[in-house]
Amino acid sequence: MEILGTTLRICVDDLETSVVFYERLTGSSALRFERGGVSVAAVGCFLLMSGPASEIDVLRKVTATIAVKDVDEALVALTEVGAQVLAGPVPTPVGRNLIALHPDGSIFEYVDRKAVHEPQP
């Protein structure tokens, strides 16, 4: 599995105020989208999330988002080393993801940038 980078996940009460801060901090513009009732803004290496407490409480359990070349490869590698896949792979606005529980109890999201309609080898 090829790891391309990591995104820090931050749950915030006021997304607009937080976006301004992180845009100024990173010098980057936010990429915004909605997913399952949660408003999301990706700013540099930060993923800001705001929404209903029931959704945010679940999101807080995920330690970080790890960008990988291919989620299918990550699925194989994770299961081979003893991780438990809790969800996915599923399509997202920018690719695919899965959520995995590592043997130490840590939960991570793994994402790729492969479009769902892209043919798989």
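Strand S2 (residues 31-35) and strand S3 (residues 38-43) pair in the antiparallel sense over 5 bridges. Strands are DSSP runs of E with at least two residues, numbered from the N terminus, and two strands pair if DSSP finds at least two bridges between them. The model is predicted: local features need pLDDT of at least 70, side-chain atom pairs count only at pLDDT 80 or more, and totals for chains, interfaces and linings use all residues. Residues are numbered from 1 along each chain as its sequence is written, and side-chain values use heavy atoms, with hydrogens and water left out.

**Exercise 1.** Describe the turns on either side of S3.

Step 1. Arginine 35 has valine 38 in S3 as its bridge partner. The S2-S3 hairpin has 2 residues between its strands, and glycine 36 in the turn has a positive phi of about 60 degrees.

Step 2. S3 also pairs with strand S4 (residues 46-50), in the antiparallel sense over 5 bridges. Valine 43 stands opposite phenylalanine 46 in S4. This hairpin has 2 residues between S3 and S4, and glycine 44 in the turn has a positive phi of about 60 degrees.

**Exercise 2.** Decide whether aspartate 112 is buried or exposed, then find the polar partners of its side chain.

Step 1. Aspartate 112 lies in strand S8 (residues 107-112). Its relative accessibility is 2%, so aspartate 112 counts as buried (under 20% relative accessible area; exposed is over 50%, partly exposed in between; 1.4 Å probe, protein chains only).

Step 2. The side chain of aspartate 112 has a polar atom 2.8 Å from the backbone nitrogen of valine 71. With the side chain of arginine 96, the aspartate 112 side chain makes a polar contact at 2.5 Å (a pair of N or O atoms within 3.5 Å; within protein, one must be able to donate a hydrogen and the other to accept it, and residues adjacent in sequence count only if both atoms are side-chain atoms).

Methods:
Helix = DSSP H or I, 4+ residues; strand = E, 2+ residues; numbered from the N terminus.
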